[in-house]
Amino acid sequence: MIGLPVMFNPDLASGRAESGPCLVLVSFDRSLELEHLKSLASHLFGLYQNGSADPTDAEIVAALKDDLFRGQKRQELPDKYRRGYNLALFSVILDRKHAIDTPIGAAVLFAAVGEAGDDQVEPIPAAPFQAALGV
């Protein structure tokens, strides 16, 4: 599976820390294009920052704004955001040295191991998958 961060710990994002808590959007679908994953991660961050007037977004906005790190927590996405794909949000500790930069804007890609129904995933180095992902 692959994942893109929705939110980083500020110290991890700034480079002051090598690892830290992060909320990651994970795809269990090989057919999902990275550009779509990046767009959705960006949209979810927008919901975190600005909220939503749509009452159907209340649950996901509340989950995004819950900044307390609970470690390996899985959060399901509403159907309207999954669009038929097997996607979930995970709270994980990420190590920056395991990430790879992508050609899609400022996106950083992480890899993880786990099964589609798992409540947690384990981040692993993404570099060995770089060629296969075309980034």
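Predicted model: local features only at pLDDT ≥ 70, side-chain atom pairs only at ≥ 80, totals over all residues.

Colleague: How many residues does α2 have, and what does it reach from its first C-alpha to its last?

Modeller: Helix α2 covers residues 34–50, which makes 17 residues, and from its first C-alpha to its last it reaches 24 Å, close to the 24 Å expected at 1.5 Å a residue. Just after α2 comes G51, which takes a positive phi of about 70°.

Colleague: OK, and which residues of the largest nonpolar core touch the most other members?

Modeller: That core has 20 residues, and the ones touching the most other members are V6, L25, L44, I60, L64, L77 and L89. At least two residues of this core come from each of β1, β2, α2, α3 (58–65) and β4, and α2 gives the most, with 6 residues.

Colleague: You mentioned L44 in there; what is L44 in contact with, leaving aside its neighbours within four places in sequence?

Modeller: With those neighbours left aside, L44 is in contact with V6, L25, I60, L64, L77 and L89. There is also a second, separate core of 10 residues, and among its members are L12, V24, F28 and A88. As general background, nonpolar side chains in soluble globular proteins tend to be buried together.

Colleague: Back to the helices for a moment: how do the axes of α2 and α3 cross?

Modeller: Their axes come within 9 Å and cross at roughly 80°, and α2 and α3 are therefore roughly perpendicular to each other. Where they meet, L44, L47, Y48 and Q49 belong to α2, while I60, V61, L64 and K65 belong to α3.

Colleague: Which strands does β2 pair with?

Modeller: Strand β1 (residues 2–8) runs antiparallel to β2 and is joined to it by 6 bridges, with M7 standing opposite L23 in β2. Strand β4 (residues 87–95) also pairs with β2 in the antiparallel sense, over 9 bridges, and there C22 stands opposite V92 in β4.

Colleague: And F8, is that one buried or partly exposed?

Modeller: F8, which lies in strand β1, is partly exposed, with a relative accessible area of 29%. F8 and C22 are 14 residues apart in sequence, yet their C-alpha atoms are 4.6 Å apart in space.

Colleague: What about Q75, buried or exposed?

Modeller: Q75 has its place in strand β3 (residues 74–76), and at 17% relative accessibility Q75 counts as buried, since the cut-off for buried is under 20%. Not counting residues up to four places away in sequence, Q75 touches E59, I60, A63, A88 and L89.

Definitions and conventions:
Residues numbered from 1 in each chain as written. Heavy atoms only, no water. Pairing = 2+ DSSP bridges. Helix = DSSP H or I, 4+ residues; strand = E, 2+ residues; numbered from the N terminus. Expected span 1.5 Å × (residues − 1). Core = buried A, V, L, I, M, F, W, Y, C linked by side-chain atoms within 4.5 Å. Buried < 20%, exposed > 50% of the residue type's maximum accessible area, 1.4 Å probe, protein only. Contact = heavy atoms within 4.5 Å. Axes fitted to C-alpha atoms, helices over the stretch in contact; angles between N-to-C directions. Parallel < 35°, antiparallel > 145°, perpendicular 65-115°, else oblique.
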